[in-house]
Amino acid sequence: MHVLQVCKLVTLGITLVITMDPNLGKCEEISNTCAVISCGTHAHNGLPGRDGRDGKEGPKGEQGDVGLQGLRGLQGPPGKAGPTGPKGAKGPPGEKGQEGKSGLLDLEDLRTQFRALGGHMQTLQDNLEKQQKILLFLGGKKIGDKVLVTNGKEENFDAAKEKCTDAGGLLAAPRNEAENAAIQDLLQRDASQAFLGISDEHVEGLFKYVSGEQITFSNWNLGEPNNNKDAEDCVEILSDGKWNDIPCSLARLVICEF
Ligand code: GN1
Ligand code: CA
Ligand code: CA
């Protein structure tokens with residue numbers, strides 16, 4: 001039903017009510033609510049009424065047509081690697097390489113190097129023997145793997161130790177009868193006594209090598225070590241090869257072992 005038709009019906013209703021009850025509002029007042037309401041006598045038609053108010057918003061329209069295609073998007077990340085392709089055809093043969101060396105020649109080269117190395121080793125051996133001859137000539141003595149040498153000087157125990165370590169050796173200490181005899185032989189040329197690299201300066205009665213190990217060989221004189229006057233912690237070797245404990249402050253011949 002159109003708005004106009006509704007309005008006409010309403011106006012008709014109101015006109016009927018007013019006619020039946022004159023106390024109700026005048027027709028002119030009511031006509032303001034609807035442009036099609038007519039007032040007064042029906043002698044002739046009045047002027048057309050004013051435009052009505054805007055109607056209510058209508059219902060939602062039907063869905064429109066599909067729009068135009070949008071712009072192209074940004075490039076995506078690279079895809080996964082595809083499967084391995086078929087094997088290519090075999091290439092042409094390469095150029096011929098240089099002529100290889102004979103294995104026999106390599107062996108001959110090695111023989112030459114060995115001969116040269118042998119020559120160097122012989123030279124070293126000759127030099128070593130020469131050095132030993134010089135050492136023995138100067139008073140050194142070889143015993144087993146040890147070389148014993150004296151500087152011909154007499155020092156107290158600490159100074160004697162230092163002389164030997166400064167030279168890259170140790171104050172001599174015999175580990176067996178043969179070494180004891182070699183030291184004895186050496187001291188007889190220069191003095192009547194020499195220090196040994198042995199002391200009980202840390203624990204009374206417990207004699208140790210300067211390296212810190214407890215002694216495994218000894219050749220004490222009869223009644224020694226007696227720690228005379230409670231002041232004897234170092235050891236001398238006498239001209240007969242026997243040992244005696246003496247004060248470390250005394251000066252004795254320095255004999256080193258290398
Ligand atoms: C004694 O006798 P002599 O002087 O060689 C002593 C040693 C002492 C030394 C100290 C048997 O030796 O133990 O170390 O004096 N010998 C005896 O100088 O008592
Ligand atoms: Ca002692
Ligand atoms: Ca003594």
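**View 1. Strand β4 and its antiparallel partners.** Strand β4 is joined to strand β6 (residues 234–238) by 4 bridges, and the two run antiparallel; strands are DSSP runs of E of at least two residues, numbered from the N terminus, and two strands pair if DSSP finds at least two bridges between them. Within this pairing, S199 stands opposite C234 of β6. Strand β5 (residues 208–209) also pairs with β4 in the antiparallel sense, over 2 bridges, and here I198 is opposite Y209. Of the 7 residues of β4 (residues 193–199), 6 are buried, where buried means under 20% relative accessible area, exposed over 50% and partly exposed in between, with a 1.4 Å probe and protein chains only.

This is a predicted model, in which local features need pLDDT of at least 70 and side-chain atom pairs count only at pLDDT 80 or more, while totals for chains, interfaces and linings use all residues. Residues are numbered from 1 along each chain as its sequence is written, chains are lettered from A and ligands numbered from 1 in the order in which they are written, and side-chain values use heavy atoms, leaving out hydrogens and water.

View 2. D200 is buried at 2% relative accessibility, and E232 is buried at 8%.

View 3. D245, in strand β7 (residues 243–246), is buried yet has no salt bridge, and the nearest side chain of opposite charge, R252, is 10 Å away; a salt bridge is a side-chain nitrogen of Lys or Arg within 4 Å of a carboxyl oxygen of Asp or Glu. The D245 side chain reaches the backbone nitrogen of N227 at 2.6 Å, and one of its polar atoms lies 3.1 Å from the backbone nitrogen of N226.

**View 4. The salt bridge between K146 and E179.** The side chains of K146 and E179 meet at 2.7 Å, N to O. K146 lies in strand β2 (residues 146–155) and E179 in helix α5 (residues 177–190), so the pair ties together parts that are 33 residues apart in sequence; helices are DSSP runs of H or I of at least four residues. Both K146 and E179 are buried.

Methods
Lys and Arg count as positive and Asp and Glu as negative; His and the chain ends are not counted. A polar contact is a pair of N or O atoms within 3.5 Å; within protein, one must be able to donate a hydrogen and the other to accept it, and residues adjacent in sequence count only if both atoms are side-chain atoms.
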